[in-house]
Amino acid sequence: MIEAVIFDMDGVIFDTERLMIRCWEEIGIKYGLKDIKPLCISCIGTNYELCRQKFNDYYGGEHKYEEYDRKCFDLYFEKIEKEGLPLKEGVKELLDYLKTRRIKIGLASSNMKDVIKSHLTGSGLIGYFDVIVSGEEIEKSKPEPDIYLAAANKLGFENKDGCFAIEDSYNGVISASRAGLKTIMVPDILYPTEEIESFTAGVLNDLAEVKKFFSENYPI
């Protein structure tokens with residue numbers, strides 16, 4: 001039985017991971033930050049504080065991360081304004097499917113609360129979510145389980161047997177699995193290793209396949 005589904009946001013609901021990496025690459029070129037893409041990939045799924053730590057470890061010492069991050073987000077929102085906010089295939093259909101079956105829907109995103117609300121409001125999706133937990137609200141970032149535990153508890157599920165998570169990143173898959181959720185990986189930039197796949201209840205190509213998986217394996 002499915003009682004709740006908790007989504008990651010970037011790379012699952014919105015095709016924004018690639019866009020953010022593009023922005024960081026432009027910042028890297030402008031400020032002489034070499035080989036920034038591998039760092040960006042290692043940060044997928046993590047929150048601001050862990051990204052800052054990784055950035056300073058990667059380049060050594062303090063490198064004005066706050067300033068670069070602010071400039072990167074300015075560029076990111078400029079591109080969204082020009083290009084639009086890209087939705088992943090099958091998002092609305094899956095959310096409609098869950099809502100009509102009265103399955104609770106949560107969001108556990110490492111992004112900042114104002115960015116989450118801006119994206120969900122702008123896309124008309126915010127009304128689908130019963131609970132939203134951001135990276136700012138938890139002490140330990142993904143891959144620690146804190147954010148998924150917080151989302152599940154806010155939804156009222158201390159017993160996680162009926163809770164699913166939908167993730168695209170290694171950090172997110174490990175986080176949701178550690179929280180005791182049945183985790184479906186829908187790969188975006190990162191494809192699962194054998195180890196990562198072992199943390200999942202399945203790896204599916206897109207959200208349309210997730211909807212089919214639910215309807216075939218958990219009929220109501």
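Modeller: Arginine 102 is exposed, at a relative accessible area of 79%. Exposed means over 50% relative accessible area, buried under 20%, and partly exposed in between (1.4 Å probe, protein chains only). This is a predicted model, in which local features need pLDDT of at least 70 and side-chain atom pairs count only at pLDDT 80 or more, while totals for chains, interfaces and linings use all residues. Residues are numbered from 1 along each chain as its sequence is written, and side-chain values use heavy atoms, with hydrogens and water left out.

Arginine 102 sits in the loop between helix H5 (91-100) and strand S2 (104-109). Helices (H or I, at least four residues) and strands (E, at least two) are DSSP runs, numbered from the N terminus. The phi of arginine 102 is positive, about 60°, although the residue is not a glycine. Most residues other than glycine have a negative phi, and most peptide bonds are trans.

Aspartate 35 is another case. Its phi is positive at about 50°, and it is not a glycine either. Aspartate 35 belongs to the loop between helix H1 (17-31) and H2. With a relative accessible area of 59%, aspartate 35 is exposed.

Serine 109 is buried, at 1% relative accessibility. Leaving aside neighbours within four places in sequence, serine 109 contacts Asp8, Met9, Asp10, Ile116, Val133, Ser134, Gly135, Lys142 and Ile147. Contact means heavy atoms within 4.5 Å.

Lysine 142 is joined to proline 143 by a cis peptide bond, with omega about 20°. Proline 143 lies in the loop between strand S3 (131-134) and H7.

Tyrosine 128 is next. This residue is in the loop between helix H6 (113-122) and S3. Tyrosine 128 is buried, with a relative accessible area of 11%. Not counting residues up to four places away in sequence, tyrosine 128 touches Lys92, Leu95, Asp96, Lys99 and Ile105. Glycine 106 is 22 residues from tyrosine 128 in sequence; their C-alpha atoms are 8.6 Å apart.

H8 (residues 170-178) has a buried set: Asn171, Gly172, Val173, Ile174, Ser175 and Ala176. The buried residues of H8 pack against helix H2 (36-43), helix H7 (146-155), strand S4 (163-167), strand S5 (182-185) and helix H9 (194-197).

Next, the helix pairs. H1 and H4 have axes that come within 9 Å and cross at roughly 130°. That makes H1 oblique to H4. Angles under 35 degrees count as roughly parallel, over 145 as roughly antiparallel, 65 to 115 as roughly perpendicular and the rest as oblique. Axes are lines fitted to C-alpha atoms, for helices over the stretch in contact, and angles run from 0 to 180 degrees between N-to-C directions. The crossing of H1 and H4 is right-handed. A crossing is right-handed if the near helix is turned clockwise from the far one by less than a right angle, left-handed if anticlockwise. From H1, Leu19, Met20, Arg22, Cys23, Trp24, Glu26, Ile27 and Tyr31 take part; their H4 partners include Tyr65, Tyr68, Cys72, Phe73 and Tyr76. By class, the contact of H1 with H4 has 13 nonpolar, no polar and six charged residues. Ala, Val, Leu, Ile, Met, Phe, Trp, Tyr, Cys and Pro count as nonpolar, Asp, Glu, Lys and Arg as charged, and the others, Gly among them, as polar.

H4 (residues 65-83) also meets H3 (residues 48-59): their axes come within 10 Å and cross at roughly 120°. H3 is therefore oblique to H4. H3 passes H4 in a right-handed crossing. Tyr48, Cys51, Arg52, Phe55 and Asn56 of H3 make the contact with Tyr65, Glu66, Tyr68 and Asp69 of H4. This contact of H3 with H4 has five nonpolar, one polar and three charged residues.

Last, the cysteines. A disulfide is a pair of cysteine sulfur atoms within 2.5 Å. The count by this rule is zero disulfides. Cysteine 51 is in no disulfide; its nearest cysteine sulfur, that of cysteine 43, is 3.7 Å away. Cysteine 51 is buried, at 12% relative accessibility. Cysteine 72 is in no disulfide either; the nearest cysteine sulfur, that of cysteine 23, is 5.0 Å away. Cysteine 72 is buried too, with a relative accessible area of 0%.
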